[in-house]
Amino acid sequence: MRPAGVFIFTLEIGIISLHFCLSRVYNLGMIKKICSSLLILCLFFTPGCDNKERVYYSSPGVIPNTHRQMKSAGFWISRQPFTDKVILDPAGIASFNSKTEKELKLTRDPSKVGPLYSGEELTSSLTEEMRNIFDQKLYSQDARRIGKLFYQKMKERINLEVIPSQINVRYGLICRYADQRTLPTEEIVTTEPGDVDFDELQNSSLDTGTPLAILHETKDGAWVYAHSPASSGWIMKDRIAFCGAAELKNYLEKTPFLIVTGAKADIFLDNGLTQYLDYVRMGARFPCIAGFNSEVIQISIPFQAEGGKFAERAAYIRRSDVNFGYLAYTSRNIMQQAFKLLNAPYAWGGKNGEQDCSSFLQEVFSTTGIALPRNSSDQGKVGRSLGEFTEKTGDELKMHVLKDQAIAGVAIMQLNGHIFLYLGMYEDRPYVIHETHAYRQRMWWGGDIAREVNRVVVSDLSLGKGSQKGSLLERIISIRNVN
């Protein structure tokens, strides 16, 4: 706990004691107001706890209204009548993905971008992205206000002036983990001073083997702007093996292939698993070379050869971390995959190889071949809608939809800025599993505090009840079955 946090905790205890003593003599309602005002004033003037840093309180070790058995996929699987029923077969999944890509335009196949791309379209897109960032009040990692010099440096680095009217698209594959950024820099930029967990420039993160359609590079040649399957952004050039369209297509379509089903799978350069290379996250896909019946599988991974050109090399991965081909799309498989990530750390934009709420769902569903969009607002547009709501919609209607139409392990629920997977009902309460940063709790003095979670948890939908934002259930704006 930070020194400021210790001070606040001590302060709270003192004010609570004051409240207890005075309430025995004076009007309780008036005392609550006085103590609340004192606490707010003290928090405002406390050194180290001013507007340069958000204050979070730890969440309980056990999330409210949950118990030990709920932290197992088996508990929820046993409560569903048709957990092994196939939701979509391979043809149905292909149709689902095609609709997401071609009709909704929320994902893309990089191998099908080009060979020419409109320079005007890219210039417009990059200009809009820069404007969205430059119009904000932003801070550097050391909590200093970002000034015009930073923005000027970014504009010069992006070098829009050299984009031709028709771009010859280049292609590539991620050859080692890469962050995908909104601007071509590794600098951390935040909307609140000191809030480094939320880097506004972190767009996504990409594992080895991710395909790219490359459209532009910075003036210094260190970064490229590229489309990946679910997002677009700036990637460091040294993380990419460049190839032609035919090479990319050939690598992506190689069979047999395997899918990473472990939370994280280590990749080694020798079959004795001693020469460590990197790890990849759930849902990564690789061509399989040999070892089908052994505990160690030989795979093919992209490699950056001389001049940055694409080459393939053999690597090795544990059999227990992968599946040959996609898993069947069933409630059982989705829930089992989701619970493999239970307690996985939260990271905005997938920074440092972790997950946020939407990439958590991406990883889980990708093991069955379902390609979800990158962010929660787009994920809330796919599949079959069971209901669209405003935050003023009564809880009764949402509960009715969950009980009668939502499929456990298949239904996703969207809030503004958050999304989670439905697990089912228990004692007339709906439960979900989600990667979450924090929730708000109403306190005795009438204000809210933020309870920091920072991991994948199981919870019911009452989290936040009574707070200014409201409970998870009250905030749901969309319920959809991913089918």
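Is arginine 181 buried or exposed? Select arginine 181 in your viewer to find out: this residue is buried, with a relative accessible area of 2%. Keep in mind as you go that the model is predicted.

Arginine 181 sits in strand 6, while aspartate 199 lies in the loop between strand 6 and strand 7 (202-206), so the pair ties together parts that are 18 residues apart in sequence. Aspartate 199 counts as buried too, because its relative accessibility is 2%, under the 20% cut-off.

Now select aspartate 238 and arginine 176. These residues form a salt bridge whose closest N and O atoms are 3.6 Å apart. Look for aspartate 238 in the loop between strand 10 (232-236) and strand 11 (240-243), and for arginine 176 in the loop between strand 5 (170-174) and strand 6 (178-181); the pair therefore links parts 62 residues apart in sequence. Aspartate 238 is partly exposed at 36% relative accessibility, and arginine 176 is partly exposed at 38%.

Select lysine 249 together with glutamate 253, and you will see their side chains meet in a salt bridge of 2.5 Å, N to O. Lysine 249 is partly exposed, with a relative accessible area of 41%.

Terms used:
Residues are numbered from 1 along each chain as its sequence is written. This is a predicted model: local features need pLDDT of at least 70, side-chain atom pairs count only at pLDDT 80 or more; totals for chains, interfaces and linings use all residues. Side-chain values use heavy atoms; hydrogens and water are left out. A salt bridge is a side-chain nitrogen of Lys or Arg within 4 Å of a carboxyl oxygen of Asp or Glu. Helices (H or I, at least four residues) and strands (E, at least two) are DSSP runs, numbered from the N terminus. Buried means under 20% relative accessible area, exposed over 50%, partly exposed in between (1.4 Å probe, protein chains only).
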